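Please walk through this structure one part at a time. Keep the sequence and the model side by side.

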Amino acid sequence: MNDSPVASPDRHEYECDHEHEHEIAHPVFATLYDLLPESTLMGPHREYLTAGLSGRILEIGCGNGELFSFVAAGGDDLEYHAIEPDPHMRRRAVRNAREEAVAVDLRDARAESLPYPDDAFDVVISSLVFCTVQEVETALSEVARVLKPGGEFRFLEHVRADGWRGAGQDALTPLWERVAAGCQLNRNTIDRFVGHEAFEAVDVERLEFSLFPVTPIVRGRLQRRRTERVGLSAFGAPFDP
Ligand SMILES: C[S@@+](CC[C@H](N)C(=O)[O-])C[C@H]1O[C@@H](n2cnc3c(N)ncnc32)[C@H](O)[C@@H]1O
């Protein structure tokens, strides 16, 4: 890990245009999220997401920073960056990073407009984030843009179920999104990941572990194609944080 200082929760390195976006600030959800039985349920999957990391890593929607200690343990000589748009989550993430002594450059940003230049990262990680982002396609293109050719997108996401469970999720989502900070139960996120022209699927695994209505959960790795040049280039300068 590098030894750069942990960022403050209010740090703004780049100006992002939030004018047409809804506010992301969910204090109750952030408090409840801290109380989830994290280690038993999520531990093995967080290890999967962070195994053998090297180089420059970006975590999108890091929440309260549960992944931080796993990233620190998952590889040597890392440069770790994270974004989190919700100030209540971000404050917890900063605290978590300090307590765990993890060096992470944490910024206030959204997956739809990542404040980094093209080809900046070796690995991008997303854990339970694409159920909530406003613009899935834009966020996915941003992930592709900031990944180096051959770089990996590692994810753990819940998706719409088949059959009656899926119909139940369709009915429940309008209420669920109100209590779960905008989470959509019924997105076909993985189909969109695997179908994206910038990526090649390396590993996609449907997990047994899940809790209705947040089911099924899928984890995997995609590789950014070496030949594909992805659009949405907002920052042309070489990355020198
Ligand atoms: C269910 S939490 C998951 C937190 C963490 N990744 C984890 O695995 O515990 C979803 C997170 O995504 C964040 N989020 C919501 N919209 C986002 C967006 N457009 N871009 C990036 N993160 C977003 C939320 O603020 C929240 O912290």
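Which residues are closest to the ligand? They are Gly61, Gly63, Asp86, Ala111 and Ser127. In total, 19 residues surround the ligand. By class, this shell holds nine nonpolar, five polar and five charged residues. Bear in mind that the model is predicted.

Now take the overall layout. The protein chain has seven helices and seven strands. Along the sequence they follow the pattern α-α-β-α-β-α-β-β-α-β-α-α-β-β. The chain has 241 residues, and 43% of them count as buried. Consider the contacts with a separation of 6 or more: 71% of these link residues 24 or more positions apart.

Next comes the sheet. Its seven strands form an open sheet, ordered E3-E2-E1-E4-E5-E7-E6, with mixed pairing. Strand E3 (105-107) and strand E6 (199-206) are the edge strands, and each pairs on one side only. From one strand to the next, the twist averages 15 degrees. Look at strand E4 (residues 121-127) and strand E5 (residues 147-158). They run parallel and are joined by six bridges.

Strand E2 (residues 78-83) contains isoleucine 83. This residue counts as buried because it has 23 C-beta neighbours inside 10 Å, where 20 or more are needed. Leaving out residues up to four places away in sequence, isoleucine 83 touches Ile60, Arg107, Ala109 and Leu114. Glutamate 59 is 24 residues away from isoleucine 83 along the chain, yet their C-alpha atoms are separated by 6.5 Å.

Helix H5 (residues 136-146) is the next stop. H5 lies across strand E1 (55-60), E4, E5, E6 and strand E7 (217-224). Its direction is at about 145 degrees to E5. Which residues of H5 are buried? They are Ala139, Leu140, Glu142, Val143, Ala144, Arg145 and Val146. These buried residues pack against E1, E4, E5, E6 and E7, and also against helix H7 (189-195).

In soluble globular proteins, nonpolar side chains tend to be buried together. Here the largest nonpolar core has 53 residues. Ile57, Val71, Phe121, Val124, Val143 and Val146 touch the most other members. H5 gives the most to this core, with five residues. Beyond its neighbours within four places in sequence, valine 143 is in contact with Val124 and Phe153.

Two other helices also meet. Two packed helices are described by the angle between their axes and the distance between the axes. Helix H1 (residues 27-34) packs with helix H4 (residues 87-100) at an angle of about 35 degrees, and their axes are 8 Å apart. On the H1 side, the contact uses Pro27, Ala30 and Asp34. On the H4 side, it uses His88, Met89 and Arg92. The residues of this contact divide into three nonpolar, one polar and two charged.

H4 also contains proline 87. Is proline 87 buried or partly exposed? It counts as partly exposed, because it has 17 C-beta neighbours inside 10 Å. Proline 87 and histidine 26 are 61 residues apart in sequence, but 8.4 Å apart in space, C-alpha to C-alpha.

Finally, check the backbone. Most residues other than glycine have a negative phi, and most peptide bonds are trans. Some places here depart from that. A cis peptide bond joins phenylalanine 212 and proline 213, with omega about 10 degrees. Another cis bond joins threonine 215 and proline 216, with omega about -5 degrees. Proline 213 sits in the loop between E6 and E7, and proline 216 lies in the loop between E6 and E7 as well.

Positive phi values also occur. Leucine 128, not a glycine, has a phi of about 60 degrees. Its place is the loop between E4 and H5. Leucine 128 is partly exposed, because 19 other C-beta atoms lie within 10 Å. Alanine 181 has a positive phi too, near 55 degrees. Alanine 181 is found in the loop between helix H6 (163-179) and H7. With 21 C-beta neighbours inside 10 Å, alanine 181 counts as buried.

Notes
Residues numbered from 1 in each chain as written. Predicted model: local features only at pLDDT ≥ 70, side-chain atom pairs only at ≥ 80, totals over all residues. Pairing = 2+ DSSP bridges. Helix = DSSP H or I, 4+ residues; strand = E, 2+ residues; numbered from the N terminus. Axes fitted to C-alpha atoms, helices over the stretch in contact; angles between N-to-C directions. Contact = placed C-beta atoms within 7 Å. Buried ≥ 20, exposed ≤ 12 C-beta atoms within 10 Å, placed from the backbone. Near = placed C-beta within 6 Å. Nonpolar A, V, L, I, M, F, W, Y, C, P; charged D, E, K, R; others polar. Core = buried A, V, L, I, M, F, W, Y, C linked by C-beta atoms within 7 Å.
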